[in-house]
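Colleague: I am new to this structure and would like to understand how its parts are told apart and how they touch. Could we go through it step by step?

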Amino acid sequence: MALQSLDIVRRSATTTPSPGVRETQKVAKLIDISKCIGCKACQVACMEWNDLRDEVGTNHGIYDNPIDLTDKSWTVMRFSEVEIEKGKLEWLIRKDGCMHCADPGCLKACPAPGAIVQYSNGIVDFHEENCIGCGYCITGCPFNIPRISKKDSKAYKCTLCSDRVSVGLEPACVKTCPTGALVFGSKEDMIHHAEERIVDLKSRGFQNAGLYDPPGVGGTHVMYVLQHADMPEIYNGLPKDPQISPMVALWKGALKPILSFGLGLVALAGFFHYVTVGPNETKEDANENRHGR
Amino acid sequence: MNDDNLIERYKPEDRANHWLTAITLILLALSGLALFHPAFFWLTNLFGGGTWTRILHPFIGVVLAVSFWFLAQRFRAYNRITDADREWMRHIRDVLAKREQNLPEVGRYNAGQKYLFWVMVTTIALLLVSGIVLWQPWFAPWFPVGLTRVAALIHALAAFVLIAATLAHIYAAIWVKGSISAMTRGSVSRAWAKQHHPGWYREMTKGAK
C-alpha cells in the first residue's frame, strides 16, 4: 500500500513506463509445507501487522478457520488429509494467499490505472485508493485470491508486507513462523534453500518432493516446497499448471488494442466516405415542391 | 414548408423510445470504453470517476435493455429479411456509390437497416446476459470465475460489434440527407421517401391523391 515508489515495473491500465529508476533485488517467500504444523501464527501475525480483524465466523467442522480468504484474512491455512500410500495418512497444510506471480493476471485484467502495481522486487500490490471495485482482478487471477470487500467494494489481498520489505524487514508471517516453514529472502537464495530441502525430503522417502514455482505465470514470488510436487492438486486444489486464462489473455491482450483501433477505423471510414463520395442528397422531384431545408 | 410535402415516418412515442435508447447506448459506449482500454480511461471523468463509472454502467445498461426491448417490439415486424434484401446486400457497392437505380425496390427499411436491427437485438441480448454475470458487487459473486471470464470476453466482443454498428447507423443518418428529421420531427419529404424507400412511399400514398 506504499503510495510513493521508484521501483515500479508494471502498473495496471497504464501504457507508458512507470517510475522505475530504482532497482531492487527479486525477493521470494518460501513455504515449506513439510515443516508446517498448522499453528496459524502466520494468520495472526498477518492480522496484527495489517491491523485487520475479521469477523468471528462459525466452525465448519474442519480446521480451516476462517473457511476462506476474505478482504480481511489475506492468508488461510488449508488442511488436507490424504492417503497416497494405503494406510499412511498425510496431513498436508498449505498456507494459502497471493502467490505474487511474475506475470500477474490480476494486473493484466485491471482497468483502473495504478490500482495494481508490480515492484521490481516482484511484489504485486493493490493500491485500493485507485480500485474501482469492478472485480476484473478476480477473473484474471489463476489462484482465486483477491476478495472484494462488502464494506467498501475494493479488492484486497496479501501485500507480501510490501511496507515491511521496502524497509528491509521480512513479512510478518515469516517473522512469526515458529518452525521455519516460512523463510524469506532473495528469490535466488530461496531456490537454493528449497533445493537443499528437497534433497533432504527425498532422502526421507519423498521421491517426488519438489519446488512449486509455476512457469505458466512466469514463476511466483511465493513458492512452495511440496512433498508431492507431482500432485500439487492434493494440496487443497493448488493448480498443476496455473496460467492466465486464455479468455482473459485474449480479452486484455490482443482484443484490447485491436478492437479499440477497429472502432477508430470504422469512424474514419465513415468520414472518408463522406468526403470522397459526398452526401446522398434527395434529388429534386419536378412534380413536387422542394422540401424546405 | 407545406405539410403536403411531408410523410409521417415515426410517431412521437417511436421517437421518444428511439432517443432514450440512443442516449443510454452512447452513455454505455463511453463508460464501457473507459473500462476497456486505458486510452479511454479519461472518459470516466464524465461519470464522476472510475468507481462511479463502474457503479452506473450496469444500471444504464438495464435502462437500455428495457428501452430497446420496447423499440424492438415496435419495429420487429418491419425488419423481416426478404430475398430482395439479400439481393440488396449483394449490391452494397452500388449503395455506397449512391447508384440507387441499380438496387431492388426498398420498402420501409432497406437491408442495411434490417441487418442493423438484428445485430442490435443479438448484441444487446448478449451484453445484457454477460453484463449481469459481471455485475459487481451484486451478481458476479454468484457465478463461477470460469463463467465470468467467458462473460468478459463476450461482453467486449458484443460491445465492439454494437458500437461499430451504431457508428454505421449514425453515419448513414448523416450521409443520407433528409433522414434525421424522421427521428427528430417524425416526418420525411415525399421526394426522400420516393428516392430511398419507393416501396414504402407507394404503400403510404396508396389511395390518397
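Modeller: Domain bounds come from an automatic or database domain assignment, and the model itself is predicted. For chain A, that assignment gives domain 1 (8-230 + 238-244) and domain 2 (245-277).

Colleague: What separates the centres of domain 1 of chain A and domain 2 of chain A, taken over C-alpha atoms?

Modeller: The centres of these two domains of chain A, taken over C-alpha atoms, are separated by 38 Å.

Colleague: How do you know that domain 1 of chain A is in contact with domain 2 of chain A?

Modeller: Two residues are in contact if their C-beta atoms, placed from the backbone, lie within 7 Å, and six residues of domain 1 of chain A are in contact in this sense with four residues of domain 2 of chain A. On the domain 1 side, α2 (105-109) and α3 of chain A each supply at least two residues, and α2(A) gives the most, with three residues. By class, that side has two nonpolar, three polar and one charged residues.

Colleague: What makes up the side of chain A that touches chain B?

Modeller: By the 7 Å cut-off, 43 residues of chain A are in contact with 41 residues of chain B. The elements of chain A that give two or more residues to this side are α3 (136-140) and α7 (246-277), and α7(A) gives the most, with 16 residues.

Colleague: How do the residues of that side of chain A divide by class?

Modeller: The side of chain A that touches chain B divides into 20 nonpolar, 17 polar and six charged residues.

Key:
Residues are numbered from 1 along each chain as its sequence is written. Chains are lettered from A and ligands numbered from 1 in the order in which they are written. This is a predicted model: local features need pLDDT of at least 70, side-chain atom pairs count only at pLDDT 80 or more; totals for chains, interfaces and linings use all residues. Helices (H or I, at least four residues) and strands (E, at least two) are DSSP runs, numbered from the N terminus. Ala, Val, Leu, Ile, Met, Phe, Trp, Tyr, Cys and Pro count as nonpolar, Asp, Glu, Lys and Arg as charged, and the others, Gly among them, as polar.
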